[in-house]
Amino acid sequence: MVAVEKRTLGRTGRPVSVIGLGTWQLGADWGSVDEDDALAVLDAATDSGVTFVDTADVYGDGRSERLIGRLLKGLGADLAEQVFVATKLGRRAPQVPEKFTLDNFRAWTDRSRTNLGVETLDLVQLHCPPTPVFSSDAVYDALDTLVDEKRVAAYGVSVETCEEALTAIARPGVASVQIILNPFRLKPLQRVLPAARSAGVGIIARVPLASGLLSGKYRPDSKFGSDDHRTYNRGGDAFDVGETFSGVDYDTGVAAAREFTELAPSGMTPAQTALRWILQQPGVTSVIPGARSSAQVMANASAAWMPALPPSILTAVQDLYDRRVRAQVHHRW
């Protein structure tokens, strides 16, 4: 593995690479990814120094976890110990608070342990559950029990809203919060990141490229497959619309991304600029872009070595957000 900058992931106490890998694409909802290509993505990630991999039990109904399990087995014990795998639970059941019980947590984490081929999960995260779940004492008691039983080493949450994040951060056992953060989603900077820093909670930044918008490659007439959430979830018909293009109307997002592309410094792609911007936000532990090819993985990972963006670009990102995006996303998330 190539050595890259690492930061401690909150209350886990474990160091993870500042650029991680999100593996939703390797499971489902982004079009088909061949198994060999998926394994090549995982290999390229570890070869590039990525030591943090994020997945979920619902990605391809376990396919993503199983592929990561094959990666870990192939690495051997010593190298596998350097890879921190975070998974999630809760989206395979009806989304009602009554389903978030200790018995279900045990069953779900046992399935993930089998898929990944590990005795103890490094980190399990509530996967954007119904909002009342974040305030339930019984839920956190159940998660503490999983730690006591060594099914999991630590637990965290994945959230849709800043208020959900703040509710979770107040709980002493929560190790990390995963939240959407990118140049088109700035609201977490106001309260969530400062609260997490104060509490010693890690921040995992997801949807960092706004479902690819911030790569600057999409046009108003770009097409996506029928099995791609960028087609079927633009109105939030399948899950929270914030997970698709960060909740920004597609045409608005394409126009804003065109402006963002012009901000990229010489020698950096727009995607690398977006990742570098996230890494410069105080309190961020790791950012988890997805990838469908080895080339994408290596390009994303290289953002960890690139120079810090100057204040002029940071100011320009804020201005772009205020003019183009704020009205659409600020009040909802």
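I began with Arg234, whose charged end sits over the ring of Tyr250 at 4.2 Å from the ring centre; I count a charge as over a ring if NZ of Lys or CZ of Arg is within 6 Å of the ring centre and within 35 degrees of the ring normal. The model is predicted, so I ask pLDDT of at least 70 for local features and 80 or more for side-chain atom pairs, while totals for chains, interfaces and linings use all residues. I number residues from 1 along each chain as its sequence is written, and side-chain values rest on heavy atoms, with hydrogens and water left out.

**Aromatic rings**

Searching the whole structure, I found 11 aromatic pairs, where rings of Phe, Tyr and Trp (its six-membered ring) pair if their centres lie within 6.5 Å, and planes under 30 degrees apart count as stacked, over 60 as edge-to-face and the rest as tilted. I noted Trp24 and Tyr59 as stacked, because their ring centres are 6.1 Å apart and their planes stand at 20 degrees. Trp24 is in the loop between β3 (21–22) and α1 (35–47), whereas Tyr59 is in the loop between β4 (52–54) and α2, 35 residues apart; helices (H or I, at least four residues) and strands (E, at least two) are DSSP runs, numbered from the N terminus.

I then looked at Phe52 and Phe84, which are tilted because their planes are at 50 degrees, with ring centres 5.8 Å apart. Phe52 lies in strand β4 and Phe84 in strand β5 (residues 84–89), so this pair ties together parts 32 residues apart in sequence. Both Phe52 and Phe84 are buried, meaning under 20% relative accessible area, with exposed over 50% and partly exposed in between (1.4 Å probe, protein chains only).

**Cysteines**

How many disulfides does the structure hold? I found zero disulfides, taking a disulfide as a pair of cysteine sulfur atoms within 2.5 Å. For Cys128, the nearest cysteine sulfur is that of Cys162, 13 Å away. Cys128 is buried at a relative accessible area of 7%, and Cys162 also counts as buried, at 7%.
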